[in-house]
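Here is a briefing on aromatic contacts in one protein model. Start with the view below, then read the points by topic.

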Amino acid sequence: MDKITVKGAREHNLKNIDVEIPKNKLVVFTGISGSGKSSLAFDTIYAEGQRRYVESLSSYARQFLGVMKKPDVDLIEGLSPAISIDQKSTSHNPRSTVGTVTEIYDYLRLLFARIGHPHCPNCKREISHLSKEQITNLIFAQANTNSYPTKGIKALILAPIVKDRKGEYSELFLDLKKKGYKKVRIDNQIFSLTDDFVLIKTNKHSIELVIDAVILNEKTERLRILNDVEQALKFGGGEMIFSVINDKGFEIPEKPKKMEDTLYSEKFACPICNISMPEIEPRIFSFNTPHGACETCNGLGTVLSVDEDLILNKNLTIREGGILPFPNITEQDTWFSRTFDVFCRENDIPQNVQIHDFSEIKKNVLLFGTGEKEYEVIGENRWGRETVIFEPFYGVDYEFDVYKGRNRKIHEVRNL
């Protein structure tokens with residue numbers, strides 16, 4: 001039927017109302033207070049739709065759901081299971097959608113997590129389980145793609161134990177120490193279990209157990225890596241991390257800073273593209289959690305960008321205030337202004353030339369920086385001591401990035 005037919009509605013103050021409502025249309029009930037809008041919409045149409053849906057379930061399921069009484073109406077035809085959104089103040093939160101308000105989104109996430117079949121995002125093949133032997137082969141293949149440097153590839157084999165959960169986990173660390181393990185990685189930093197450290201209980205943490213630190217080359221024993229993989233999968237609940245250390249030097253550093261992770265899973269992995277996926281769970285399908293949100297828009301669906309014409313006044317020099325958000329940057333004595341000054345000198349960006357005379361290359365470098373390249377900046381700290389820092393300059397545009405600009409940090413600090 002292409003319409004909902006209601007005859008003889010007498011719920012509350014309705015007086016034998018007959019109405020036909022077309023389907024696939026937006027229908028609005030209007031009227032003065034007390035005219036029966038809610039009685040018709042919620043207490044008659046929705047109540048009957050919900051009652052019919054519950055009665056279609058098994059007797060076992062019905063005992064957990066309250067069966068609504070039949071509304072006072074002669075006939076309702078063409079009715080499907082109904083959804084009711086209670087009257088409430090309008091939410092301007094961009095994370096609030098029809099799906100979240102009606103809670104349908106929760107059921108969809110659960111549905112996808114339980115009966116979904118994961119596929120590789122690259123080759124579109126369905127992802128299946130990997131054995132420990134296949135994971136070992138992939139690790140050696142990953143090392144081969146780097147052509148085995150002279151001294152080999154430095155790497156850590158890790159077992160993920162805690163994933164983005166709150167707590168101190170002191171008992172966990174004590175238990176791991178008793179079992180003979182020496183190190184863990186907490187929030188991408190290596191800690192020794194003999195160190196005296198305490199996690200902030202109210203913060204979320206990710207904890208991985210360091211199973212082994214290896215230098216992978218053609219002489220590495222395959223049996224050693226196979227045993228490490230087996231142990232990591234056991235502790236990680238079927239998942240493990242192979243983390244390549246990019247720090248300079250021939251030795252494995254005590255506390256490496258730069259690590260490139262590859263997740264391997266007994267559960268879901270693509271052997272063609274070497275892509276592994278974590279266990280499928282409802283939060284992966286939620287744009288309101290870090291696990292399911294798009295990394296580019298952070299789950300909001302929109303990306304804020306900066307208008308170049310609103311940043312740069314091309315008729316002025318940098319010293320004259322040509323960078324509009326930082327008009328006095330050359331007159332300040334902060335670490336950011338010092339880093340900017342060193343950046344301009346090393347990249348030959350003049351501060352006394354009008355910006356419209358800049359080449360496109362220099363303009364892009366000013367806006368978008370030089371990546372991870374670090375600049376040696378010398379200056380006095382707050383206590384008057386001369387200090388040197390090594391800081392990258394990601395560009396003027398980076399300072400306005402909602403998700404990156406807040407996380408600027410000094411990479412290394414050293415007192416002279």
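A residue counts as buried under 20% relative accessible area, as exposed over 50%, and as partly exposed in between. The model is predicted. A search of the whole structure gives 12 aromatic pairs.

**F112 and F285**
- F112 and F285 make a tilted aromatic pair, with 5.7 Å centre to centre and 45° between the planes.
- This pair links distant parts of the chain, 173 residues apart.
- F112 sits in helix α4 (residues 104-115), while F285 lies in the loop between β11 (275-277) and α8 (308-311).
- F112 has a relative accessible area of 43%, so F112 is partly exposed.
- F285 is also partly exposed, because its relative accessibility is 29%.

**F343 and Y375**
- The ring centres of F343 and Y375 are 6.0 Å apart and the planes stand at 85°, so this pair is edge-to-face.
- F343 belongs to helix α9 (residues 335-346) and Y375 to strand β12 (residues 374-380).
- The pair links distant parts of the chain, 32 residues apart.
- F343 is buried, with a relative accessible area of 0%.
- Y375 is buried, with a relative accessible area of 0%.

**Cluster and charge**
- Ring pairs join F326, F336, F340, F343, Y375 and F393 into a cluster.
- R338 lies over the face of W335, 4.5 Å from the ring centre.

How values were computed:
Residues numbered from 1 in each chain as written. Predicted model: local features only at pLDDT ≥ 70, side-chain atom pairs only at ≥ 80, totals over all residues. Heavy atoms only, no water. Phe/Tyr/Trp six-rings, centres within 6.5 Å; stacked < 30°, edge-to-face > 60°. Helix = DSSP H or I, 4+ residues; strand = E, 2+ residues; numbered from the N terminus. Buried < 20%, exposed > 50% of the residue type's maximum accessible area, 1.4 Å probe, protein only. Lys NZ or Arg CZ within 6 Å of the ring centre and 35° of its normal.
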